[in-house]
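Open your viewer and keep the selection panel handy. We will go from stop to stop, picking residues as we go.

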Amino acid sequence: MTQDEIFMREAIKLSKLAVENGNEPFGAVLVKDGEIVYSNENQIYSATDPTFHAEAGLLRRFCAETQITDLREYTMYSSCEPCFMCSGAMVWTQLGRLVYAASDMDLCGLLNEKGSQCSEIVFEHSHHKPEVLEGVLREESLSVLADYFSQHAKG
């Protein structure tokens, strides 16, 4: 198992925990020097905050708690491709690397919606573009998403 798979497995575990806590199935971990330094799950319902996505919430809390706002040396692992809002937060924190499992196109395919390449669109039109690796443990993440969204509407 690669290091990317190990950390993605943690993000997917958090997506399952999000569901247990009454939220949508998305999770993210922040890694530096091979160690998880912060993790977060989607909390849009439990925090009564529609912007509390796994990634944006992680960045907001990590930066506030550590006073670190330059994340060039960090990698974020996300169970699903970050939305436009979360991708924008990655630009502003100058995230070094993003690794995600399922894409927005995958997710929207489950929802019978038109998806987009959110992170690619945001990054290509921004002053900062993290290195991106997509599709790590994609099928595992899709299984969690499909299980949840077969029984729930998207937020």
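At roughly what angle do the axes of helix H2 and helix H3 cross? Select residues 54-66 for H2 and 84-92 for H3: in this predicted model, their axes cross at roughly 30° and come within 8 Å. The crossing of H2 past H3 is left-handed. Now show side chains: Glu-55, Ala-56 and Leu-59 of H2 make the contact with Met-85, Cys-86, Ala-89 and Met-90 of H3. Sorted by class, this contact has six nonpolar residues, one charged and no polar ones.

Next, select residues 2-118, the range that an unreviewed UniProt entry annotates as "domain: CMP/dCMP-type deaminase". This span is 41% helix and 21% strand, and its end C-alpha atoms lie 26 Å apart.

Now for the charged pairs: the whole structure has nine salt bridges. Pick Glu-140 and Arg-9, whose closest N and O atoms are 2.5 Å apart in a salt bridge. Glu-140 sits in helix H6 (residues 138-149) and Arg-9 in helix H1 (residues 3-20), so this pair ties together parts 131 residues apart in sequence. Glu-140 is partly exposed at 27% relative accessibility, and Arg-9 is partly exposed at 25%.

Move on to Asp-49 and Arg-60, a salt bridge with its closest N and O atoms 3.8 Å apart. Asp-49 is in the loop between strand E2 (35-41) and H2, while Arg-60 belongs to helix H2.

Then pick Arg-138 and Glu-139, a salt bridge at 2.6 Å between the closest N and O atoms. Arg-138 is partly exposed, whereas Glu-139 is exposed, with a relative accessible area of 53%.

For the last stop, select Asp-4, Arg-97 and Glu-131, which are linked in a salt-bridge network.

How values were computed. Residues numbered from 1 in each chain as written. Predicted model: local features only at pLDDT ≥ 70, side-chain atom pairs only at ≥ 80, totals over all residues. Heavy atoms only, no water. Axes fitted to C-alpha atoms, helices over the stretch in contact; angles between N-to-C directions. Helix = DSSP H or I, 4+ residues; strand = E, 2+ residues; numbered from the N terminus. Left-handed = near helix turned anticlockwise from the far one by under 90°. Contact = heavy atoms within 4.5 Å. Nonpolar A, V, L, I, M, F, W, Y, C, P; charged D, E, K, R; others polar. UniProt positions renumbered as here; feature names shortened; annotations may be inferred. Salt bridge = Lys/Arg side-chain N within 4 Å of Asp/Glu carboxyl O. Buried < 20%, exposed > 50% of the residue type's maximum accessible area, 1.4 Å probe, protein only.
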